[in-house]
Amino acid sequence: MRINSTARAESGAVMIQSTCPSVELAKRIAETLVQESLAACVNLSAPSLSIYSWENKLHCDEEFTLTVKTSAGRQSQCIARIRELHSYDVPEIIVLPIIGGSNAYLQWIAHETL
C-alpha cells in the first residue's frame, strides 16, 4: 500500500510515541504536555517488557508507552518538552503521521494544540 504525501498533509496531526521507566514519570510527562497545550491527549499503556541493547549490554526492563496526539505544528515543541522532562539520556521519540480519521477528532486535536 502506498501513501501519498497529500494524504499525510491533510490531517495536520501526528502521534508521538515514547516510553518511560515508571508510571509516575509517564503521568508527569503526559499531564505537562496536555496542560501546556502541546498535546490534545496522551494515552499511557500498561507496562510492557522492553528488550534492548544499551552501552553494549542487553537490558530487559518494564516500561510504559506514551502515545501522544498533537498537531504537526506543535511536534517540535512537544519533542523538546519530552526530552526536557525525561529521565533517559536518549528517550524513545518516534513521530508517526496521522493520515486520516474522524474529522471531528482531528479538529479537536488541532483546537487543543493551538
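A salt bridge here is a side-chain nitrogen of Lys or Arg within 4 Å of a carboxyl oxygen of Asp or Glu. This is a predicted model, where local features need pLDDT of at least 70 and side-chain atom pairs count only at pLDDT 80 or more, while totals for chains, interfaces and linings use all residues. Residues are numbered from 1 along each chain as its sequence is written, and side-chain values use heavy atoms, with hydrogens and water left out.

**View A. Arginine 81 and its two salt-bridge partners.**
Two salt bridges turn up by the rule above. In one of them, arginine 81 pairs with glutamate 36, with the closest N and O atoms 2.8 Å apart. That pair ties together distant parts of the chain: arginine 81 sits in helix α3 and glutamate 36 in the loop between α2 and β2 (41–44), 45 residues apart. (Helices are DSSP runs of H or I with at least four residues, strands are runs of E with at least two, and both are numbered from the N terminus.) Arginine 81 also meets glutamate 84 in a salt bridge, at 2.5 Å from N to O. Those two residues both belong to helix α3, three residues apart, or about one turn of the helix. Through shared partners, Glu36, Arg81 and Glu84 end up in one network. As for accessibility (buried is under 20% relative accessible area, exposed over 50%, partly exposed in between, with a 1.4 Å probe and protein chains only), glutamate 36 is partly exposed at 35%, and glutamate 84 is exposed at 57%.

**View B. The two faces of helix α3.**
Cys78, Ile79, Arg81, Ile82 and Leu85 are the buried residues to look for in α3. Seen down the helix axis, the buried residues of α3 fall within an arc of 165°, so they line one face of the helix; the arc is taken from the directions from the helix axis to the C-beta atoms. On the face turned away from that buried side, α3 carries the exposed residues Ser76, Arg83 and Glu84. What covers the buried residues of α3? The cover includes β1, α2, β4 and β5 (94–98), with contact meaning heavy atoms within 4.5 Å.

**View C. The largest nonpolar core, plus a second one.**
A nonpolar core is a set of buried Ala, Val, Leu, Ile, Met, Phe, Trp, Tyr and Cys residues joined through side-chain atoms within 4.5 Å. The largest one here has 18 residues, and those with the most contacts inside it are Ile16, Ile29, Leu33, Val42, Leu66, Val68 and Cys78. The elements giving two or more residues to this core are β1 (13–20), α2 (23–35), β4 (57–71) and α3 (75–85). Zoom in on valine 42 and, once residues up to four places away in sequence are set aside, it touches Ala30, Leu33, Val34, Leu66, Thr67 and Val68. There's also a second, separate core of five residues, including Ala13, Ala40, Leu106 and Ile109. As general background, nonpolar side chains in soluble globular proteins tend to be buried together.

A disulfide is a pair of cysteine sulfur atoms within 2.5 Å, and the structure holds zero of them. For cysteine 41, the nearest cysteine sulfur is that of cysteine 78, 12 Å away. Cysteine 78 is buried, at 0% relative accessibility.

Rings of Phe, Tyr and Trp (its six-membered ring) pair if their centres lie within 6.5 Å; planes under 30 degrees apart count as stacked, over 60 as edge-to-face and the rest as tilted. The count comes to one pair: tyrosine 105 with tryptophan 108, tilted, at 5.3 Å centre to centre and 40° between the planes. Both lie in helix α4 (residues 103–112), three residues apart, so about one helical turn separates them. Tyrosine 105 is partly exposed at 35% relative accessibility, and tryptophan 108 is partly exposed at 33%.

Tryptophan 54 belongs to strand β3 (residues 48–54) and is partly exposed, at 35%. Apart from neighbours within four places in sequence, tryptophan 54 is in contact with His59, Asp89 and Val90. In the loop between β3 and β4 you'll find glutamate 55 and asparagine 56. What is phi for these two? Glutamate 55 has a positive phi near 55°, and asparagine 56 has a positive phi near 60°. For context, most residues other than glycine have a negative phi. Glutamate 55 is exposed at 60% relative accessibility, and asparagine 56 is exposed at 80%.
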